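Here are some friendly notes to read alongside the structure. Take the points in order and keep the view open as you go.

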Amino acid sequence: MSSRALHPEVVTAGRVARGRGVRRAGPAAAGGGPVVLVKQAPPFRMASREAHPEDSIVAAGGVEIGTGRLVVMAGPCSVESRQQIRETARRVKASGADMLRGGAYKPRTSPYDFQGLGRKALAWLAEAGRESGLPVVTEVLSPEDVELVAEHADLLQVGARNMQNYALLRRLATATKPVLLKRGPSATIQEWLLAAEYLLSGGNPQVVLCERGIRTFETATRNTLDLAGVALAKQLTHLPVIVDPSHATGKRALVAPVSRAAAAIGADGLLIEVHPCPGRALSDGEQSLDPGEFAELMATLRERTIGAGV
Ligand code: PEP
Ligand code: MN
């Protein structure tokens, strides 16, 4: 399917508009009579705004995503110890975060890098969430782990590397918890929305999309944030769309400006890495804010967007 299918044209009768997401119908298709062109529905049928014009609101542990209020999810890349996640939860809650993030199962590019503490990290994350009153989001890597992770988390993250793991998507389609679907680093918007379609068509209507940067020729930033893609996804679908400025940039100093840009363009939320001591983080320390930097960012976001009711 060409990317043109993302822009279905208005029905044109009696004129041939080639390659514009329209198809011939009626007698002309069979070789005679007037040409009638009918609008072609986007291939992501259930995710499309055509199917569902109003914004969808997804509730994760009592926090509503997609209402127009910016939802901020914050916490470490990896849950490293009970104390680390409890302290982070307390600090990000004090700054106004809505949800706590933390990885227990980590998809690392190298098999020699820290892979996450698994089960015990999940338990510590859930405990820190309860203690601070923050619902939790964490990644699930494989279909076999969905049940366990769903027992501990309020929002199940599909990481960028797994966006097209169809066995995982099919399993998550039957989960009772909402799913945060990250865009793959090399995925087109259409592929991303079709991945969401696996969840929706399989029976899970609770899907939040997350843009976290795509791979381009540029290497000065870890990835290239497709900010226009966020606005386009919001136009094409009714699903909430959030932005991860940490993985999008790979650089601590860029997290605050990119967060403000995401809020300005209409993102429904942010997923931000925060570590009590980024210099000692076992993963993604260079892109993690410390709790003080996160507090400052929250203050400016509150002034410019949250406070303004955007
Ligand atoms: C993460 O959120 O820590 C992560 C691994 O993100 P991504 O899948 O976007 O690389
Ligand atoms: Mn990370």
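**Notes on the fold and the metal site**

1. Let us start with a helix pair: α6 and α8 are roughly parallel to each other, because angles under 35 degrees count as roughly parallel, over 145 as roughly antiparallel, 65 to 115 as roughly perpendicular and the rest as oblique. Helix α6 packs against helix α8 (residues 252-265) at an angle of about 25°, and the axes are 10 Å apart. Axes here are lines fitted to C-alpha atoms, for helices over the stretch in contact, with angles from 0 to 180 degrees between N-to-C directions.

2. A word on the model itself. This is a predicted model, in which local features need pLDDT of at least 70 and side-chain atom pairs count only at pLDDT 80 or more, while totals for chains, interfaces and linings use all residues; side-chain values use heavy atoms, leaving out hydrogens and water. Residues are numbered from 1 along each chain as its sequence is written, and chains are lettered from A and ligands numbered from 1 in the order in which they are written.

3. Which residues join α6 to α8? Leu 227, Val 230 and Ala 231 of α6 meet Ala 261, Ala 262 and Ile 265 of α8, with contact meaning heavy atoms within 4.5 Å. These contact residues divide into 6 nonpolar, no polar and no charged (Ala, Val, Leu, Ile, Met, Phe, Trp, Tyr, Cys and Pro count as nonpolar, Asp, Glu, Lys and Arg as charged, and the others, Gly among them, as polar).

4. Helix α6 (residues 227-236) also packs with helix α5 (residues 189-201), at an angle of about 45° and with the axes 11 Å apart. The two are therefore oblique to each other, and their crossing is right-handed. On the α5 side are Ile 189, Trp 192 and Leu 193, which meet Gly 229, Leu 232, Ala 233 and Leu 236 in α6. This contact divides into 6 nonpolar residues, 1 polar and no charged.

5. Now for the overall picture: the protein has 9 helices and 12 strands (DSSP runs numbered from the N terminus, H or I of at least four residues for helices and E of at least two for strands). Of its 310 residues, 52% count as buried (under 20% relative accessible area, with exposed over 50% and partly exposed in between; 1.4 Å probe, protein chains only).

6. Please look next at the manganese ion (ligand 2). Its protein donors are Cys 77 (SG), His 247 (NE2), Glu 273 (OE) and Asp 284 (OD), at 2.1 to 2.4 Å. Donors are N, O and S atoms within 2.8 Å of the metal (3.2 Å for Na, K and Ca), and water is not among the atoms, so sites may look incomplete. His 247 lies in helix α7 (residues 245-249) and Asp 284 in the loop between β12 (269-273) and α9 (291-306), so the pair ties together parts that are 37 residues apart in sequence.

7. Is Asp 284 buried or exposed? At 10% relative accessibility, Asp 284 counts as buried. Its phi is near 55°, a positive value in a residue other than glycine.

8. Finally, visit Leu 156 in strand β8 (residues 155-158). Leu 156 counts as buried, at 0% relative accessibility. Leu 156 and Thr 138 are 18 residues apart in sequence and 5.7 Å apart in space, C-alpha to C-alpha.

Note on methods:
Left-handed = near helix turned anticlockwise from the far one by under 90°.
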